[in-house]
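Visitor: I have a model open here. Can you walk me through it?

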Amino acid sequence: MSDLLKVEDLAVEFRIAGSRRRTMRAVDGVSFSVAPGETVALVGESGSGKSTIGRSILGLTPPRSGRIEFEGRDITHRTRAEQRSIARDLQVVFQDPYSSLNPAKTIGQNLSEPLRAQGMASSAAARERMHALLRQVGLPADSPDRYPSGFSGGQRQRIAIARALILGPKLIVCDEPTSALDVSTQAAVLQLLRDLRHEFQVSYLFITHDLAVVRHFADRVLVLRQGRLVEEGDVEQICENPQHPYTRELIATAPVPDPVLQRARREARLRGWDETDQGSL
Ligand SMILES: Nc1ncnc2c1ncn2[C@@H]1O[C@H](COP(=O)(O)OP(=O)(O)OP(=O)(O)O)[C@@H](O)[C@H]1O
Ligand SMILES: [Mg+2]
């Protein structure tokens with residue numbers, strides 16, 4: 001099967017604050033692909049470059065070098081018109097729903113904005129689609145007339161997910177979509193994403209610092225450290241038989257009440273992998 005997304009030798013640099021010439025490389029030589037319908041997790045500690053990769057794919061941060069292909073089309077340096085046409089197929093859910101929801105607009109207005117940008121907002125079919133989507137993500141029927149501030153964090157994230165889905169995208173970049181939520185809401189939103197994945201046959205690039213979150217969710221895992229991929233594999237292989245010491249450390253320090261993971265951590269510690277984690281299991 002041909003790739004939906006292909007990232008080749010991606011490098012992103014930022015200018016160092018206070019310096020006119022010096023730069024730091026936030027992403028360095030990163031290559032991976034995402035197949036249609038696949039969920040790929042991108043994990044790594046804070047500052048490892050996860051969001052920067054996501055933002056480059058979304059066209060928000062220009063790469064220094066490398067190549068980004070979507071359905072075989074080079075989108076590394078896209079024009080505004082190309083960006084608009086790609087937006088139909090490539091969407092995002094951020095950690096903070098306010099990054100994609102305008103607090104001054106109703107949910108109905110927020111959700112019809114992507115449709116309007118594509119010239120599809122006025123049709124009755126589009127309105128029907130919006131109502132159906134809100135039902136699918138578990139929001140009350142009167143939601144379109146209400147404002148984002150009237151919803152809980154979990155509900156707002158459901159609205160952001162509905163907004164990401166409204167154009168029927170092929171890939172959604174999810175950047176820590178559950179990290180700001182409490183544990184039970186986190187589980188409910190993850191379950192929702194999992195259900196929607198089948199219903200909409202959408203792929204996810206799921207960015208998280210917490211490997212445990214994607215343990216029962218992702219097909220494949222990419223492990224990022226200081227801007228470089230250090231390990232890549234099927235989720236079972238990465239979680240149960242990690243090869244790189246950094247991956248082992250990520251697993252050992254994940255603070256999650258997951259029995260499978262707890263057992264893995266305990267075993268890891270017994271094998272002497274985990275010398276940094278002082279916490280109790
Ligand atoms: N706009 C920017 N200007 C300068 N430096 C940046 C910018 N964005 C990110 N960086 C730097 O690039 C590196 C990678 O940042 P990035 O946000 O991609 O990490 P992350 O893995 O998403 O971290 P987190 O888990 O905290 O969200 C960091 O050192 C960060 O300080
Ligand atoms: Mg980030």
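Predicted model: local features only at pLDDT ≥ 70, side-chain atom pairs only at ≥ 80, totals over all residues.

Guide: Aspartate 96 counts as partly exposed because it has 16 C-beta neighbours inside 10 Å. Residues are numbered from 1 along each chain as its sequence is written, and chains are lettered from A and ligands numbered from 1 in the order in which they are written.

Visitor: Where does aspartate 96 lie?

Guide: In the loop between β6 (90-93) and α3 (107-117). Helices (H or I, at least four residues) and strands (E, at least two) are DSSP runs, numbered from the N terminus.

Visitor: OK, domains. What does the assignment give?

Guide: Domain 1 is 1-89 + 171-242 and domain 2 is 94-166. The bounds come from an automatic or database domain assignment. Between the C-alpha centres of domain 1 and domain 2 there are 23 Å.

Visitor: And how many residues of each are in contact?

Guide: 16 residues of domain 1 touch 14 residues of domain 2, where contact means C-beta atoms, placed from the backbone, within 7 Å.

Visitor: Which element gives the most on the domain 1 side?

Guide: α6, with 7 residues. Both β7 (171-175) and α6 (183-200) supply at least two residues there. By class, that side of domain 1 has 10 nonpolar, 2 polar and 4 charged residues. Ala, Val, Leu, Ile, Met, Phe, Trp, Tyr, Cys and Pro count as nonpolar, Asp, Glu, Lys and Arg as charged, and the others, Gly among them, as polar.

Visitor: Switching to the ligand. Which residues are around ligand 1?

Guide: Among them are Phe14, Ala26, Lys50, Ser51, Thr52 and His209; the criterion is a C-beta atom, placed from the backbone, within 6 Å. The shell divides into 2 nonpolar, 8 polar and 1 charged. Helix α1 (residues 50-57) gives the most to it, with 3 residues.

Visitor: Phe14 again: what is the bridge partner of phenylalanine 14 in β2?

Guide: Methionine 24. Strands β1 (residues 5-15) and β2 (residues 23-34) run antiparallel, joined by 8 bridges. Pairing requires at least two DSSP bridges between two strands. β1 is also joined to β4 (residues 65-70), antiparallel, by 5 bridges; there lysine 6 has glutamate 69 as its partner.

How values were computed. Contact = placed C-beta atoms within 7 Å. Buried ≥ 20, exposed ≤ 12 C-beta atoms within 10 Å, placed from the backbone.
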